[in-house]
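Here are my notes for a colleague who wants to look through this model with some care. Please keep the coordinates open while reading.

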Amino acid sequence: MIQIKDLLEVLPLLIIAFSAIFILLLEVSIKKSETVIFGFSLIAILAAIATSFNYFNKEMIIFNQFLRISNASLTFSVIILISMLITVIASKSYIEKENVNFGEYYSMLLFALMGMMLMIFANDILIIFIGLELMSVCFYVLAGFLRLRQKSNESALKYFLLGAFMTGFILYGIALIYGITGTTNLTLIFSDAKVLTNYVFIIGTALLIIGFMFKIGVFPFHMWIPDVYDGAPTVVSGMLSTAGKIAAVGTILPIILAVNILNFKIIFSVAAVATMLYGNVIALAQTNIKRLLAYSSIASAGYIFVGVASMNEFALRGIAYYLIAYTFMQLGAFIIVAMLEKKDDGSRDYKNVDLDFYKGLGKRNPVIATFMTFFLFSLAGIPPFAGFWGKYYLFFAAIKSNQIWLAVVAILLSLIGVYYYLKIIVYMWFSESLEPVSEEKFSFSDTGFAATVLAVIGTILFGVDPNLFFSLFKFVTP
Amino acid sequence: MLESYIPIIIILIISVLFAVVNVNLSSLLGPSRPNKEKLSTYESGIEPVGTAHERFSVKFYMVAVLFILFDIEVVFLYPWAVSFIGLDQLKMMYSFISVSVFIIILLVGYIYVIRKGALNWD
Amino acid sequence: MEGYTFTLLIPLILFATFLLIGLAGGKLKPIISGITGVVSLSVVSIISYITAYDYFFVNGKVDGVFGKIIVYDAEWLRFTDSLFIKMGILLDPISVMMLVVISTVSLMVHIYSLGYMHNEGGFSRYYSFLSLFTFAMMGLVISTNIFQTYIFWELVGVSSYLLIGFYYNRPSAVAAAKKAFIVTRFADLGFLIGILLLSSLTGTFDFVELTNVNGSAITAGSSVLFMGLSSMTWALILVFIGCAGKSAMFPLHIWLPDAMEGPTPVSALIHAATMVVAGVYLVARLFPLYALSAPVALEMIAYVGAFTSMFAAIIACTQTDIKRVLAFSTISQIGIMMVGLGVSGYAAETGLGFTASMFHLFTHAMFKALLFLGAGAVIHAVHTNEISGMGGLRKYLPVTHITFLVACLAISGIPPFSGFFSKDEILVAVKEKDSFLFYFESIVSGLSAFYMFRLYFGIFWNRNTTYEHTPHEAGMSMKIPLIILAILAAVTGFIPFSEFVTSDGIPFISHIHWDIAIPATIVGLIGITAAFIFYKKESDLSDKAAASLGGFYNTVHKKFYIDEIYIFVTKKIIFNMVSTPVAWFDRNVVDGTMNGIASVTNFVSEKIKRFQSGQLQQYAFVMVTGMIIIIALIFYFLKN
């Protein structure tokens with residue numbers, strides 16, 4: 001039986017769940033409720049972040065062993081909450097601009113958030129699956145939220161079809177695991193050392209991991225990413241590429257580390273290299289900034305998998321650090337793209353998302369260009385921005401696990417990344433503007449601006465003081 | 001272990017056979033005298049126009065989906081209701097609260113559906 | 001220790017001022033930037049004085065020893081468990097003394113600049129750079145570890161680059177800024193290698209651990225020999241190369257005279273009182289290491305210092321640009337400080353040289369800042385740097401005249417002015433160690449009296465030059481700093497320095513050694529008399545003397561052709577013989593390869609872009625294929 005006090009232990013999750021449901025009621029009971037809902041979601045997320053910090057250093061398994069609270073899962077959930085916070089702030093202006101200012105949008109975000117947190121805290125494969133579905137269904141809807149845009153519809157449909165396809169494999173994997181162990185409880189599964197070497201069990205776990213590799217966007221399961229990120233509303237793309245990935249990484253990482261299939265390190269390494277190679281190389285040829293960021297997010301998945309392939313105590317630190325850095329820089333870049341996008345005029349495609357549009361941005365809009373430069377520098381891994389330390393800790397983990405070749409390859413491949421990030425910077429500052437300088441009116445009342453400022457602060461803060469992160473999230477020095 | 005599945009398999013076979021045999025039996029046993037009128041689509045005497053693969057209004061789907069949704073939720077309530085009586089006091093209270101939470105969530109969804117006018121036909 | 005946390009405000013206020021003026025400066029009225037700078041510096045000065053008072057008179061002394069107090073030390077960067085870098089504040093006699101020196105001189109310069117710079121463009125830029133520089137300098141002196149020192153050391157270099165090149169539309173200023181930066185950077189290479197070597201030998205960056213006499217750092221690396229010297233000695237010599245770059249020791253002194261292209265108050269702040277003594281400061285900071293584990297390095301410092309002091313003093317006698325004379329005089333005086341350190345022993349009275357050197361650093365900061373600011377006032381009045389364009393100015397600039405005279409007397413070592421006391425202590429220390437160096441330095445001392453009074457007579461007496469505009473005294477903002485500094489230059493000699501600043505923190509009482517002081521004063525007076533004879537009245541005596549020296553005079557006047565040698569070595573030998581072929585190789589072979597790789601990558605990128613067709617069936621196909629391959633791989637690995 002579930003203890004009542006268990007409810008207190010998952011307060012952040014409850015806050016989000018309650019708010020998501022409550023927003024539905026708000027939506028139908030107040031007229032012009034969008035602003036109220038916006039404020040309410042912000043408060044809910046902030047409250048969830050604030051309460052999360054109570055549970056650090058209290059490892060526990062609760063709710064009939066369905067949930068497990070640990071420092072790692074809390075860290076990932078806080079990073080997701082931060083990502084969601086920035087997304088929500090940026091969304092307000094964006095959905096107004098796109099004429100889809102509905103309260104359900106925020107409800108969807110919060111339901112997705114709830115799914116992600118459920119997944120991360122899960123100690124039972126079924127709970128993972130429920131969380132995953134809750135998240136995915138919301139994502140499908142969000143990707144197609146611009147109902148009148150063909151691209152958005154296409155994106156949602158593609159995402160849904162491929163996602164559903166992969167869900168099948170995940171379920172198959174779960175079934176195999178259950179068939180061998182007779183339980184879905186992760187603690188019980190991993191407590192039996194004999195099971196861990198069973199063929200069927202390994203295949204089941206592999207299918208489970210592959211399902212999550214799809215969500216993270218690791219080669220060869222990355223194909224959906226460019227199409228979906230390109231078509232989805234830009235702020236949502238930012239959210240998908242940060243929160244969505246973090247949730248998947250945060251869920252599967254403990255499983256990979258617990259199964260500890262050291263023999264298969266090489267598979268992860270190869271997947272990591274292939275992903276980095278694919279993402280970075282194809283990004284070179286992109287002319288659309290949303291697609292470029294999508295490929296850069298594939299490359300980032302590759303960096304994350306460098307950490308996964310390390311499978312040592314440094315991996316978790318490195319991945320967590322990279323993810324928070326990635327949240328700020330990637331989301332920030334997407335939000336800037338969203339801000340610069342042209343207002344909805346009934347067209348089928350997004351306007352002002354070509355790289356050419358960014359030529360001369362530094363003259364037209366120096367503040368935004370400066371911020372974009374920060375994010376791109378960070379993505380390229382140039383100190384003193386957070387992205388540098390993210391990569392540093394990841395590659396460090398690889399070196400510590402005696403995979404020096406992997407670290408070297410990763411560094412070389414990230415050099416390709418530097419090229420296309422710098423290309424945008426050069427466009428912004430050193431190219432002649434193709435647009436008339438005065439045409440663009442940018443207002444600081446755009447909530448996207450506030451979100452970008454938050455992201456910039458994060459990018460710089462964690463870049464200047466890398467230890468802040470570890471002390472904030474109570475990491476123990478290994 | 002597999003023996004316990006035998007009854008299920010038997011039921012499966014019987015149900016499939018029942019359906020297949022019955023459908024085919026009627027066409028086998030019944031007289032078959034087709035003519036042009038009989039073969040045409042039955043449209044209450046009106047001449048059939050256009051294709052049968054019409055696009056339906058989304059409202060149909062809406063109602064269907066909502067029906068399935070709430071229907072399935074109600075299915076959950078049956079086993080609960082059946083086992084509810086047999087529980088001791090504490091567990092009774094506990095299970096009552098659990099189901100209340102479940103119903104409330106369902107209720108919120110229902111209110112949302114109604115207020116959004118998803119069931120209005122116009 | 002709790003009591004000193006307020007010292008954190010010193011760097012914070014300065015940095016905030018830099019950001020404020022730097023970012024908002026363009027929008028403010030220039031005078032507001034200036035006043036902001038002055039106010040913030042005043043606050044910083046007051047905090048420094050309180051710190052100094054508290055340290056020297058109230059809390060600093062524990063059991064009769066001035067200890068090292070770590071006010072604050074936070075981990076800044078952690079690379080691994082054993083390798084991390086901290087940032088913090090360390091208070092000990094020399095750092096507290098430097099706080100006082102820097103804040104005082106910087107405050108004077110800030111006030112002075114209100115008047116001196118007010119007609120120039122870029123007033124806000126100027127003040128923000130001044131704040132940045134002061135911040136960097138403060139950060140340097142309060143460093144708790146050598147890596148922090150290095151970071152601020154470079155920051156000092158950058159801000160001095162910015163200030164020297166302040167008149168960025170004047171090519172000579174730009175060239176001078178570049179030269180200063182490159183030469184000191186070159187020296188810093190030695191410094192960085194020294195730091196790395198030092199820390200790998202001792203396993204720490206921390207000053208407290210490095211200079212702990214009973215600690216392991218002192219003996220570390222003494223057994224590993226390289227070319228006859230222990231590796232610790234090598235490390236310390238490398239560190240000293242960095243110091244020599246910043247403190248303009250021969251042969252790395254070439255940037256300092258050129259750096260006079262910067263605004264004169266900047267020269268007073270950077271090239272007289274603060275930055276150039278950073279090298280002396282760093283040697284003093286690591287003094288226990290030098291004294292106890294590398295006496296050879298210390299001896300080297302003494303001889304480099306002595307040579308530099310003589311060398312620069314000789315050149316100073318022939319220069320005609322008054323700021324250049326002061327620049328060479330600075331080089332010479334810093335050389336004397338280095339000699340003081342070089343001859344010093346560790347602990348108690350054998351450490352007199354250390355105390356004397358710090359004492360001289362202190363008094364020198366006051367009178368040399370005064371000289372520069374006075375020179376600035378003169379230049380401000382007559383609009384030229386050349387001594388030939390001046391003369392008879394005592395009537396027009398009475399305040400400048402008197403204060404300049406005080407400074408000249410101080411630097412010449414005439415009692416009771418401050419320079420007398422500090423120079424006397426250095427000479428006493430030198431005499432005990434090495435009588436050759438003693439006579440050598442006495443001559444330098446006489447020379448410095450000569451060239452200073454050559455300057456003094458040349459500016460304020462000599463012929464009665466007629467001026468296009470009648471020179472007039474500058475405003476109050478320029479006069480007040482001159483007067484304050486003059487008072488300081490006159491009286492600071494009476495501070496019983498050995499009771500505060502000693503090599504091991506244990507105070508002792510020092511006396512004036514009249515047997516040395518009197519001859520030294522006489523030497524100074526001889527120098528002054530010589531200058532009096534040559535330059536008091538307009539005469540051709542000096543020209544005749546120059547003519548009789550012939551080629552030697554020319555060589556000296558051209559600064560021994562050191563600059564030309566540098567140009568020859570860098571341009572002719574390095575650029576032509578080494579750089580050109582390397583550049584060719586780089587451009588054609590290395591870049592060619594790189595460009596080749598880049599274009600191949602781009603090509604591949606364009607080709608495989610089509611792989612992403614947008615068709616779901618294909619995506620699903622790729623995914624399933626990938627999955628099958630992965631499962632197959634797993635089976636393969638399980639088999640093995």
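The numbered points below take up the chains, their contacts and some local details in turn.

1. The model is predicted, and the remarks that follow should be read with that in mind. For chain B the mean pLDDT is 84, and 98% of its residues score at least 70. Among the elements of chain B, the highest mean pLDDT, 91, belongs to helix 1 (residues 6-29) of chain B, while helix 2 (residues 36-39) of chain B has the lowest, 76.

2. Chain B contains 4 helices and 0 strands, and read along the sequence these give the pattern α-α-α-α. How much of chain B counts as buried? Of its 122 residues, 0% do, where a buried residue needs 20 or more other C-beta atoms within 10 Å of its own.

3. Chain A, by comparison, is built from 20 helices and 2 strands, and 60% of its 478 residues count as buried. If one takes the contacts in chain A between residues at least 6 apart in sequence, 78% of them join residues at least 24 apart.

4. Which helices of chain A supply at least two residues each to the side that touches chain C? The contact as a whole involves 25 residues of chain A and 26 residues of chain C, and the helices in question are helix 7 (150-181), helix 9 (199-216), helix 10 (224-231) and helix 12 (265-284) of chain A. Helix 9 of chain A gives the most, with 5 residues. By class, this side of chain A consists of 20 nonpolar, 3 polar and 2 charged residues.

5. The contact between chain A and chain B takes 5 residues from chain A and 7 residues from chain B. On the side of chain A that touches chain B, the residues divide into 5 nonpolar, no polar and no charged.

6. Within chain A, the axes of helix 2 (residues 11-29) and helix 3 (residues 34-52) come within 9 Å and cross at roughly 170°. Angles over 145 degrees count as roughly antiparallel, and the two helices of chain A are therefore roughly antiparallel to each other. Among the residues that meet are Leu11(A), Ile15(A), Ile23(A) and Leu26(A) in helix 2 of chain A, and Val36(A), Phe40(A), Ala44(A) and Ala48(A) in helix 3 of chain A. This contact has 12 nonpolar, 4 polar and 1 charged residues.

7. The 27 residues of helix 18 (residues 404-430) of chain A should span 39 Å at 1.5 Å a residue, and the end C-alpha atoms are 38 Å apart, which agrees. Buried residues in helix 18 of chain A include Leu406(A), Leu413(A), Gly417(A), Tyr420(A), Tyr421(A) and Met428(A).

8. Some backbone details in the loops deserve a look. The peptide bond from Phe219(A) to Pro220(A) is cis, with omega near 0°, and Pro220(A) is placed in the loop between helix 9 and helix 10 of chain A.

9. Two residues other than glycine have positive phi: Asn352(A), near 65°, and Ala248(C), about 55°. Are they buried or exposed? Asn352(A), in the loop between helix 14 (313-340) and helix 15 (361-364) of chain A, is partly exposed, with 15 other C-beta atoms within 10 Å. Ala248(C), in the loop between helix 8 (231-246) and helix 9 (255-258) of chain C, counts as buried, with 29 C-beta neighbours inside 10 Å.

Conventions. Residues numbered from 1 in each chain as written. Chains lettered and ligands numbered in written order. Predicted model: local features only at pLDDT ≥ 70, side-chain atom pairs only at ≥ 80, totals over all residues. Buried ≥ 20, exposed ≤ 12 C-beta atoms within 10 Å, placed from the backbone. Contact = placed C-beta atoms within 7 Å. Nonpolar A, V, L, I, M, F, W, Y, C, P; charged D, E, K, R; others polar. Axes fitted to C-alpha atoms, helices over the stretch in contact; angles between N-to-C directions. Parallel < 35°, antiparallel > 145°, perpendicular 65-115°, else oblique. pLDDT = per-residue confidence, 0-100. Expected span 1.5 Å × (residues − 1).
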